[in-house]
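My entries follow in the order in which I looked things up.

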Amino acid sequence: MFTLLMAFFLLGFGLYIDLKDDLPQLPDSLEKINLSLPTEIYSSQGNVIKVLGQRHPVTLSEISPRFTEAMIATEDSRFYSHSGVDHIGLTRAILRNIRNMRISQGGSTITQQLSKNLFFSFERRWVRKIKELMVALQIEATFSKEEILEAYCNQVYFGSGAYGVEDASLVYFGKRAKDLTLLQAAMLAGLPNSPNSANPFNNFERAMKRTRTVLNRMVSSNFIGSLQMEEALETDLELVPHRIQSNPNQYFIQHVIFNLEKEYGKEFVHFGGLKIFTTIDTSLQKFAQQAVNTHMKSLDKRMGSREDEETLQAAVVALENKTGAVRVLLGGRDYSKSQFNRAVSNNRMAGSSFKPIVYLTAMENLGISPATVVKDEPVILEISPGETWEPKNFNDKYFGNLILKQALMKSLNVVSAKLVSDLTPERVIKTARQMGITSPLGENLSLALGATGVSPLEMAGAYSVIANLGILNEPYLIDRIEDFRGNTLYEHFYFGVQRFSQKSIYPLLDMMRGVVDEGTGRVVRRMGFQHPAGGKTGTTNDYKDAWFDGFTKDLSASVWVGYDSNISMVDRNGRGLTGGGASAPIWAYFMKKALSGKSLVNFPVPEGIRFVEVDSETGYIANISTEKTMEVAVKNDVVLTLPPSTDSIQGYFPSDEPDPEMTPSPNTIEENVLPEL
Amino acid sequence: MKKAGILGNLNGVVFIVVLLVIFSLEIFGKVIEQGVGHYLKWENHTRPQLGRVWERDREKIVAQKKIESILSNLNTQEQSAESIQSFKELFEKLKPSDPQMVSRKKFLQLYFDFPEQLSYKMVSPYELLEIDSNRDWQRVLLTQLGEWVTISFINNQNFPIREVFLSAEGMGENPLNRDIFKGTLEEAGFSQSSILSIADFMRVMKTLDPDAQSDLFPNPHWFFSKNYHVTRVGVKEIENSDEYPPPVRMGVEYQSDFYTEVLILPVPMDISDNLLSQVEIPVYEEPTEGVPPFGDYQGDLN
């Protein structure tokens, strides 16, 4: 027996010798564990929209006694009588674990849990349990029971991102920990054991069941009577709405944090105690969320999607043209359900929304203008010797001769493909780069139809170059970063670069106004959006992506709708969702709200631009007998002619016969465009 | 045998008693836990700082170090900008990857300290008055993109109130070629034969019309304001220049209370031939007739 006892002590001593180098040092004070300066993220209006690493440490006197009682009754009913180990609880746990041949029950006291939370991993291993126990014994020998309980209450995890009882009270009930009711205290006390499965935001029934268990334990520990328990269960829990669900700024915040971590490291962001002033306009962000919620619900109905099926997703980005400040960045319908940020992801094809880049390149390099006649007909283009490509228009409809402006307004694939074929994809890519597109772009003819992955953020940036008449302001999300003393660590400087001359861009801008006023984006006008605006729809093959990108004088916005799994968006009637039907309404709804009460601001017309009414089929200057007319904006040096039969101004313009093919007569440009600085 | 049996039983009893005592002490006094706890507390300081709490501490330290490093870099940049002595130095520091920022005060100091009106060719002083009129001009940001240098006058929101674009190439001809050399004209590479006393140079100046005079020679106020005493002037052509005709530089030597310096200036192309022709044949004789007042040119002295 003596030998057995000695063996027991020797085993204990041996274990200590073996583990002593791995045992952590305890800090001087348990209060120290809660000292961390939070990093605050601000909106452009100066409001805090997110706090990182926030702790709300409180003293025991600032915690409802009901909560501490509930916690003790649930987690460690003999807390005040043990010295770190609860013999009865431990014996029970050991027997059960031996029976199960695995660690299925902890039998941990509050002190052991504190020890684990402060120092150890959450892995269930015997060695870790022994170390945890030894540190718990030291904690008991070093600190008072009140200090231990206070530290535990302040750092334990309650689910939904809440660490500490004060934070949990705010998250779940919107009140201070000292004001918790018995029912609320019991619910919170049940959470540390199962912060996800008993979370009232995730499963209210299970959370209430757990709460009832906690109340029962309080009764059996004589903290409350049965009557009090019944009364408590009759009261209203007063749960507040889930914070993440009601926060439409999460995608923006996530992207800000991601960028900062990449640039400066995680520690800087989470432990720097920073003030990060961002560009987000929370009012506009809310409008974007509303626009998405409203229209996506109607699309869901149209698609007839069931709950178990994949839901349609959407992304919205809006930029302030003058500065490049990202005012809205919505990466999906609901951050709490999907954290994938579609607003910055470049894995979706741009479709026809890429065509303005093709048209701009063509007008810059092929000497054509919005009044140039092009032929829209089936065509076979040679990709390489022996390999051909036959681009097709939407619905396989072809319009014959028409002017370039109308080709963009109708979003004709054949015309765009011919242009890229004449230009070479490399030239188009060069223009895209000048417009701020950074995603990899494939050097092939299908670039004409936007068969290349881009992000809504990039598209909004590129379109803002058009709205800005050629000036690229790099999109940015962070205005300024300060440390906790107010020292500026980073500040953004506006640096607009004139990438294209104003008079090169304006004809394209005017063509894109045509898209909104009378082209594939006219749904925007039908929805009552009155502000002068330009834009372009985009629908990719088999209706996998629907885009609408557009701009007003001050704001550029990009909207994408699609499935994450890249399946076709075809409704119950077999009709596909297009950029005009799926995305443009979101854009219009958002823009209407964003510009509500603001006066209509037109785009300034640069010097060297003139407006001419032309025949939309022949490109000749319109006269009384012209049936189909269209106003185009062209550079002053673009030569336009009257129809051959008209002799009233003969000799004023060159009277070359218009070439119905791609050759841009009667409109020619001999100008080499240089950046205007 | 019996004694041994009794002793054996006694040992067993003592052992059980000891065991019972230990067990009671443990049950009622938690001696083992407290003993282990206090021992661990006693040797706490010898153990390593491991675990989440200490990791968090380390992360806080890493974050603070990063902040200090950023602040230190910013301070260095600020001090470096404040120590800039001339526009030449400012523009020399400017690289496409390294924009330069100076305060409004520093910019104005450099602007008005830049001898002669050439700084006015970058931005007119009247334009500066206009920029300053709204009282929100805070700083000046200089950036270079390819051939172009942008001078942005920015407000407290870092938004440019006004932007001035300069060709980096064009700037090389004028303001950037202005320099201050510590030493004499000879040490600055001017040959003895092309150096004139200030009095002789003034005679040459008087052969120029007032516009050419102000284009050529710095505003005298600059010398007076700094208590510099101009002594001599030299002229030279830049050797090994790719340009034709080679650019001409003028050196104005002056003395302060402590040292001799030469202000080296580019000579405008349209004046250089005239100037060179007069300087190459220096006039050493004392003037025999009265010299008309400066700027009041009344005819060719030669």
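**Entry 1: a helix pair.** The model is predicted. I began with a contact between two helices of chain A, and listed the residues on each side. From H4(A) I noted A:Thr111, A:Gln112, A:Leu114, A:Ser115, A:Lys116 and A:Phe119. They meet A:Glu132, A:Leu133, A:Val135, A:Ala136, A:Ile139 and A:Glu140 of H5(A). Sorted by class, the residues of this contact are six nonpolar, three polar and three charged.

**Entry 2: geometry of that pair.** I then looked up the axes. H4 covers residues 110–119 of chain A and H5 covers residues 126–142 of chain A. Their axes come within 8 Å and cross at roughly 110 degrees. Angles of 65 to 115 degrees count as roughly perpendicular, so H4(A) is roughly perpendicular to H5(A). I also noted the hand: H4(A) passes H5(A) in a right-handed crossing.

**Entry 3: another pair.** At what angle do H8 and H9 of chain A pack? I found about 105 degrees, with the axes 8 Å apart. H8 is residues 182–190 and H9 is residues 204–220 of chain A. That angle makes H8(A) roughly perpendicular to H9(A). On the H8(A) side I listed A:Leu183, A:Ala186, A:Met187, A:Ala189 and A:Gly190. On the H9(A) side I listed A:Ala207, A:Arg210, A:Thr211, A:Thr213, A:Val214, A:Leu215 and A:Met218. The contact of H8(A) with H9(A) has eight nonpolar, three polar and one charged residues.

**Entry 4: chain B against chain A.** I counted 38 residues of chain B in contact with 39 residues of chain A. Which elements of chain B give two or more residues to the side that touches chain A? I wrote down the helices H1 (2–29), H2 (31–42) and H3 (52–82), and the strands S2 (139–145), S3 (148–154) and S4 (160–167) of chain B. H3(B) gives the most to this side, with 12 residues. By class, the side of chain B that touches chain A has 20 nonpolar, nine polar and nine charged residues.

**Entry 5: chain A as a whole.** I ended with the overall figures. Chain A has 21 helices and 20 strands. Its radius of gyration is 34 Å, well over the 26 Å that the globule rule gives for 677 residues, so chain A is more spread out than a compact globule. The C-alpha trace of chain A spans about 125 × 55 × 50 Å along its principal axes. Among contacts in chain A with a separation of 6 or more, 69% join residues 24 or more positions apart.

Methods: Residues are numbered from 1 along each chain as its sequence is written. Chains are lettered from A and ligands numbered from 1 in the order in which they are written. This is a predicted model: local features need pLDDT of at least 70, side-chain atom pairs count only at pLDDT 80 or more; totals for chains, interfaces and linings use all residues. Axes are lines fitted to C-alpha atoms, for helices over the stretch in contact, and angles run from 0 to 180 degrees between N-to-C directions. Helices (H or I, at least four residues) and strands (E, at least two) are DSSP runs, numbered from the N terminus. Angles under 35 degrees count as roughly parallel, over 145 as roughly antiparallel, 65 to 115 as roughly perpendicular and the rest as oblique. A crossing is left-handed if the near helix is turned anticlockwise from the far one by less than a right angle, and right-handed if clockwise. Two residues are in contact if their C-beta atoms, placed from the backbone, lie within 7 Å. Ala, Val, Leu, Ile, Met, Phe, Trp, Tyr, Cys and Pro count as nonpolar, Asp, Glu, Lys and Arg as charged, and the others, Gly among them, as polar. The radius of gyration is taken over C-alpha atoms; the globule rule is 2.2 Å times the number of residues to the power 0.38.
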